[in-house]
Amino acid sequence: MDVIGDIFILLLLQPMLNALIFLYAVLFQNIAYSIIALTVVTRLIFYPLTVKQLKASATMQRLGPEMAAIKEKYKSNPQAQQKATMSLYKENGVSPLGCLGPMLIQFPIWIGLYYAIIKGLGDLPDSFMYLSQRLYSWMPYGSELLPLNTQVPWLTGSLDLIQPDPTPILPLLVAMSTWAQQKIMQAPAMSTQQRQQQQIMLFMFPIMLGFLAFTFPSGLALYWFVSNIITVILQGFFSGWGNLSIIGSSRPIITPAKKSSDSEGELETQEENNQPNKRKRDSKRNCLLYTSDAADDTPCVDLGGRRII
């Protein structure tokens, strides 16, 4: 575990800490600007992965009706259902891991950014010691900038980004932006149960993050808010803004399209003409008449399975 921790510090935490200090120096020694800039720069670096994830997500949403039709067609044969689904994925050039792969790759980056903000905002002597030891020697701005000024102008006068926001403003912004992010990325539901689960997650996760924002440093809440807004904007450009058009609206459940009665009648007529043993529907007695070319008085079989003489 020590080796993994050292690799994490060397490859992720230390570069982000130095980037945070550098941005703090060039952005008027304003830590809020530094956090916003570091979040934007990090998202820009991993923009190709983000685009791949968003495209995969948009394709999965577009394939929703076809996936629902496959599920309905092979509902009694899971193996055939899985085979047909994988064939649909292959035809459209999408992988079931297309949405998760880029997210998993970026996950350590998010953790590194989280710890960089926490360590960079530390106000204890141990935090200053830790931060000074992680600064690159060739950096034009070094330990003379420590400790960082974490006070920023706020509606109540000033806000210390080390401390939680004493007002509900930042927590509410975090909760609302998290809701918007989940709402715009929400795939169409294929069943009532799935829609209920989506509705639960749509409100539970924003409430949870909003509650955490009341207890975590407000600098971290600022990072969450900016990151959510970037995700919403990117997703809106790729898949549209329809999900956010009406607050609280839910996307309809996708059901496989049913053939019209006219089409069914044409198909039945075609089958009757092509088969030597014909099957006709007696609408008056609600049964099926099985007739042949040689006999016209074949017994009637009721639709419920009973034989009628």
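**Helix packing and loop residues**

Mentor: In this predicted model, helix H8 passes helix H10 in a left-handed crossing.

Trainee: At what angle do H8 and H10 pack, and are they roughly parallel or roughly antiparallel?
Mentor: H8 covers residues 169–184 and H10 covers residues 218–239. Angles under 35 degrees count as roughly parallel. H8 and H10 are therefore roughly parallel.

Trainee: Which residues of H8 make the contact with H10?
Mentor: On the H10 side, the contact is made by Ser 218, Ala 221, Leu 222, Trp 224, Phe 225, Asn 228, Ile 229, Thr 231, Val 232, Gln 235, Gly 236 and Ser 239. On the H8 side, the residues are Leu 170, Leu 173, Val 174, Ser 177, Thr 178, Ala 180, Gln 181 and Ile 184.

Trainee: How many charged residues does the contact of H8 with H10 have?
Mentor: Sorted by class, this contact has eleven nonpolar residues and nine polar ones. The number of charged residues in the contact of H8 with H10 is given as no charged residues.

Trainee: H8 also meets helix H9; are H8 and H9 roughly parallel or roughly antiparallel?
Mentor: H9 spans residues 192–215, and the axes of H8 and H9 come within 8 Å. They cross at roughly 155°, and the crossing is right-handed. Angles over 145 degrees count as roughly antiparallel. H8 and H9 are therefore roughly antiparallel.

Trainee: Which residues of H9 meet H8, and how does the contact divide by class?
Mentor: From H8 come Pro 171, Val 174, Ala 175, Thr 178, Trp 179, Gln 182 and Lys 183. They meet Met 201, Leu 202, Phe 203, Phe 205, Pro 206, Leu 209, Gly 210, Ala 213 and Phe 214 in H9. By class, the contact of H8 with H9 has twelve nonpolar, three polar and one charged residues.

Trainee: Is Phe 28 buried or exposed?
Mentor: Phe 28 lies in the loop between H1 and H2. Its phi is positive, about 65°, although Phe 28 is not a glycine. With a relative accessible area of 69%, and the cut-off for exposed being over 50%, Phe 28 is exposed.

Trainee: What is the relative accessibility of Gln 29, and what does Gln 29 count as?
Mentor: Gln 29 is also placed in the loop between H1 and H2. Phi of Gln 29 is near 55°, a positive value in a residue other than glycine. At 43% relative accessibility, Gln 29 counts as partly exposed.

Trainee: Which helices do the buried residues of H5 pack against?
Mentor: H5 runs over residues 78–91 and reaches 20 Å from its first C-alpha to its last, close to the 20 Å expected. Its buried residues are Ala 80, Ala 84, Thr 85, Leu 88 and Tyr 89. After H5 comes Gly 93, with a positive phi near 65°. The buried residues of H5 pack against H3 (47–62) and H4 (64–73).

Trainee: How far apart in space are Phe 128 and Leu 146?
Mentor: Phe 128 lies in helix H7, residues 125–134. At 28% relative accessibility, Phe 128 counts as partly exposed. Phe 128 and Leu 146 are 18 residues apart in sequence, and their C-alpha to C-alpha distance is 7.0 Å.

Trainee: For the chain as a whole, what percentage of contacts between residues at least 6 apart in sequence join residues at least 24 apart?
Mentor: The chain has eleven helices and six strands. Buried residues make up 36% of its 309 residues. Among contacts between residues at least 6 apart in sequence, the share joining residues at least 24 apart is 64%.

Technical notes: Residues are numbered from 1 along each chain as its sequence is written. This is a predicted model: local features need pLDDT of at least 70, side-chain atom pairs count only at pLDDT 80 or more; totals for chains, interfaces and linings use all residues. Side-chain values use heavy atoms; hydrogens and water are left out. Helices (H or I, at least four residues) and strands (E, at least two) are DSSP runs, numbered from the N terminus. The expected span of a helix is 1.5 Å times one less than its number of residues. Buried means under 20% relative accessible area, exposed over 50%, partly exposed in between (1.4 Å probe, protein chains only). Contact means heavy atoms within 4.5 Å. Axes are lines fitted to C-alpha atoms, for helices over the stretch in contact, and angles run from 0 to 180 degrees between N-to-C directions. Angles under 35 degrees count as roughly parallel, over 145 as roughly antiparallel, 65 to 115 as roughly perpendicular and the rest as oblique. A crossing is left-handed if the near helix is turned anticlockwise from the far one by less than a right angle, and right-handed if clockwise. Ala, Val, Leu, Ile, Met, Phe, Trp, Tyr, Cys and Pro count as nonpolar, Asp, Glu, Lys and Arg as charged, and the others, Gly among them, as polar.
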